[in-house]
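My notes follow in the order I looked.

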Amino acid sequence: MTITRRHRAATLVIALALLVAGCMLVPGRFASQLDVRRDGTFAFEYRGEIVLAPLAQPSPPSEDEAAFEPSPCTDEAGDTRPCSANEIDAQRQTWEAERAERKANKDKQDAQSRKAMQGLLGGIDPGDPRAAQEFADRLARQEGWSSVVSKGHGVFEVVYAAKGRLDHDFSFPTIERLPMVVPFVTVIRRNDGTVRIEAPAFSPSSANPAIPGLGDANKDQASAALLDGTFALTTDAAVLANNTDEGPAAVPSGGQRLSWQVNARTQDAPTALLRLHD
């Protein structure tokens, strides 16, 4: 293996690790809504796809090697001559030894990458055929996940709901043994009676990142998990700020509604600031 090929393989391992660390879990097609009451109660729901990035990544393409071809042999004068059978056998043995070394190095790098990902996934081996079901089972045993179905290629169809009182911050998703997740939605209570709502993962830059070193084929694979959804916030609290296109709209039941369409053209993640009245 040449230095260039070794560098390329190392870059691939590093890039995959960055992908996993930065964008472990991303939304696909979804509908999500959050209701915040001015007394501090809230209800949240997410229906649709989530994508576990390590299971969605294609295997690196194998580098096919040309069949063995003997190198020219020369005589004492430096002129080309036909190779003897023994010389061809010696060349073949050298070629096969070098090929075996290249394969061993590749297998070692693949194993290191797989082990690193397994550690980031809390023990789930991304190369194991049972990995998707293991992840689905892990989600299903957590409170709030009423349905988790694997659709293949790292995509899961889920239904999640939670409600409570904002005497603490709320973040979705929080997953057992999977700490490095860009939050889809966060609700943060401030000590001045305001609540800030952000949806960091509901933006193209977080959901479908371009990872240097993985090439165009990986970008196409990332785009297959298309970010396409809606996020709605309803509240009877005062809306102090928001970045919707249309602003708050009155709802028949009282209060206001903010809506965001999230897709590849979305420039900024949804945000809003509310003032509660206990």
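**Cysteines, then a threonine**

I started with C83, which comes out as partly exposed at 23% relative accessibility. I'm working from a predicted model here.

Next I checked what C83 is bonded to, and found a disulfide to C73, with the sulfurs 2.0 Å apart. I counted the disulfides too, and the structure holds 1. A disulfide is a covalent bond between the sulfur atoms of two cysteines.

Where do C73 and C83 lie? I placed C73 in strand β3 (residues 73-74) and C83 in the loop between β4 (80-81) and α3 (85-120), so the link ties together parts 10 residues apart in sequence. I also looked up the torsion: it is 110 degrees about the S-S bond, and the link of C73 and C83 is right-handed.

Is C73 buried or exposed? I got a relative accessible area of 7% for C73, and because the cut-off for buried is under 20%, C73 is buried.

I then moved to T235, which sits in strand β10 (residues 228-235). T235 has 2% relative accessibility, so I logged T235 as buried.

The backbone nitrogen of A237 lies 2.9 Å from a polar atom of the T235 side chain.

Last, I listed the contacts of T235, leaving out residues up to four places away in sequence: T235 touches D35, V36, R37, G255, Q256 and L274.

Definitions and conventions:
Residues are numbered from 1 along each chain as its sequence is written. This is a predicted model: local features need pLDDT of at least 70, side-chain atom pairs count only at pLDDT 80 or more; totals for chains, interfaces and linings use all residues. Side-chain values use heavy atoms; hydrogens and water are left out. Helices (H or I, at least four residues) and strands (E, at least two) are DSSP runs, numbered from the N terminus. Buried means under 20% relative accessible area, exposed over 50%, partly exposed in between (1.4 Å probe, protein chains only). A polar contact is a pair of N or O atoms within 3.5 Å; within protein, one must be able to donate a hydrogen and the other to accept it, and residues adjacent in sequence count only if both atoms are side-chain atoms. Contact means heavy atoms within 4.5 Å. A disulfide is a pair of cysteine sulfur atoms within 2.5 Å.
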